[in-house]
Amino acid sequence: MVLAGVAIVAACYISIVQILRVDAFAKYRGELAPIGGTEGVKLSSFVLRAYDGGHLSATADVESAVVRRDRSSISMQGVSNGKYFSDDETLNFSAEQAIYQYYNSTLSASQGGQIQGDDLDLHVDDFTLARNQNELQVVGGISGRLMDGEVTAQTLIYDFTDESWSTHSVKWKGWQQDPVTEDRREWEFEAEDASGANDVNIWQNARATDGEIIVYADVVEHNTKTDVIVAKGNVRYFSQDANVRCLEATVYHDEKRSVLVGAVNMFVKSKDDDTLAEVEVPVLTPSTPESNKPLSTEPTEEQEDVLRSTENVRDFPVKIVADRVEYWYKKGERRADITGNPQARQDLPQGWRMVWAHTAFYDGEAETITLKSKPEERTVRIISSIGDDALARLFTIST
């Protein structure tokens with residue numbers, strides 16, 4: 001009886017081993033195409049369901065595929081209706097070719113594809129969905145929708161965890177809603193590099209415009225929640241009324257107010273020039289009244305009439321240099337506070353005139369410029385090329 005029992009157990013063991021050695025993919029082997037040394041199985045017209053630690057990580061419709069012999073990856077052709085499940089977001093995808101790596105739950109496509117998610121809908125040259133890093137990585141060109149705007153760029157890294165992103169050689173165009181008036185404004189950005197996180201987008205070596213102003217700077221920070229722009233480094237600021245060079249500019253769009261600081265050079269246009277154009281901003285080098293010599297010849301009557309008239313002040317542009325300019329550009333509320341010992345020069349065909357002051361205030365609606373001295377001092381000074389030279393505590397020019 002004992003021998004009989006041992007025989008039965010041995011027979012059962014042999015049967016179980018034979019069953020475990022059965023290849024579930026055996027019927028697919030060698031029938032569709034010859035299989036190489038690393039190729040284990042070839043499949044066609046199937047649905048992929050990939051799991052990571054018992055959790056579904058990706059699904060897709062696949063036209064054909066090859067599974068490696070060691071089951072480490074599957075190379076697919078004609079991938080559609082794909083879904084990639086990260087810890088924080090689900091992305092839809094499609095691709096001409098894709099490889100899924102089982103060990104690190106990574107899906108890569110190298111011959112173009114489409115990626116769709118909450119904040120993006122992109123055509124891409126080459127993408128990788130990396131579950132371990134919880135991010136989308138794109139190498140090559142991208143085009144489509146990113147963060148509610150139309151984008152073209154080279155490369156992209158998008159982190160699902162905090163929805164942060166970074167890209168290179170980018171152009172972005174989209175709409176921003178004013179937090180106060182709820183009006184919608186279209187923004188355009190071009191930058192060498194860009195990144196975004198927590199409602200703040202940073203554009204490097206950038207150009208930005210909303211149709212009312214154009215800003216160039218080494219770095220442009222845009223708070224998409226408050227719609228405030230801070231431009232830093234080699235700033236050039238263009239508007240319909242004036243063009244500016246400075247070190248830093250902050251633009252508050254809800255107030256239509258700009259604060260310009262650091263070696264501010266402002267070129268105030270003539271009243272007939274309201275074009276928004278990117279032109280070279282003339283620089284006014286700070287000087288003293290003594291270094292600006294009048295004409296050595298006797299002025300003509302025409303020169304005296306023109307250079308002493310206040311009626312033509314807005315007929316010609318003005319160059320201003322100051323430490324700080326705060327400028328309100330809303331129609332009906334145009335004005336500017338100019339501080340930091342401003343100087344201004346106006347060149348006319350008949351000569352020039354210059355002013356120095358402690359502070360200045362421009363009222364664009366009343367068409368006046370008020371120059372102020374230091375408290376209890378007489379430091380406002382006005383000179384011209386015909387030899388006029390005046391000192392005052394307060395001087396108001398009607399424009």
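**Entry 1: Thr106.** I began with Thr106, whose side chain makes a polar contact with the side chain of Asn104 at 3.1 Å. I take a polar contact as a pair of N or O atoms within 3.5 Å; within protein, one must be able to donate a hydrogen and the other to accept it, and residues adjacent in sequence count only if both atoms are side-chain atoms.

**Basis.** The model is predicted, so local features need pLDDT of at least 70 and side-chain atom pairs count only at pLDDT 80 or more, while totals for chains, interfaces and linings use all residues. Residues are numbered from 1 along each chain as its sequence is written, and side-chain values use heavy atoms, with hydrogens and water left out.

Entry 2: I found Thr106 in strand S5, residues 106–109. Thr106 is buried, with a relative accessible area of 10%; buried means under 20%, exposed over 50% and partly exposed in between, with a 1.4 Å probe and protein chains only. Not counting residues up to four places away in sequence, I listed what Thr106 touches: Tyr84, Ile99, Tyr100, Gln101, Thr128, Leu129 and Ala130. Contact here means heavy atoms within 4.5 Å.

**Entry 3: The core.** I then looked up the largest nonpolar core, which has 79 residues. Such a core is a set of buried Ala, Val, Leu, Ile, Met, Phe, Trp, Tyr and Cys residues joined through side-chain atoms within 4.5 Å. Met76, Phe127, Leu129, Leu136 and Trp203 have the most contacts inside it. With residues up to four places away in sequence left out, Leu136 touches residues including Ile115, Phe127, Leu129 and Tyr158.

**Entry 4: The chain.** Of its 399 residues, 44% count as buried.

How values were computed: Helix = DSSP H or I, 4+ residues; strand = E, 2+ residues; numbered from the N terminus.
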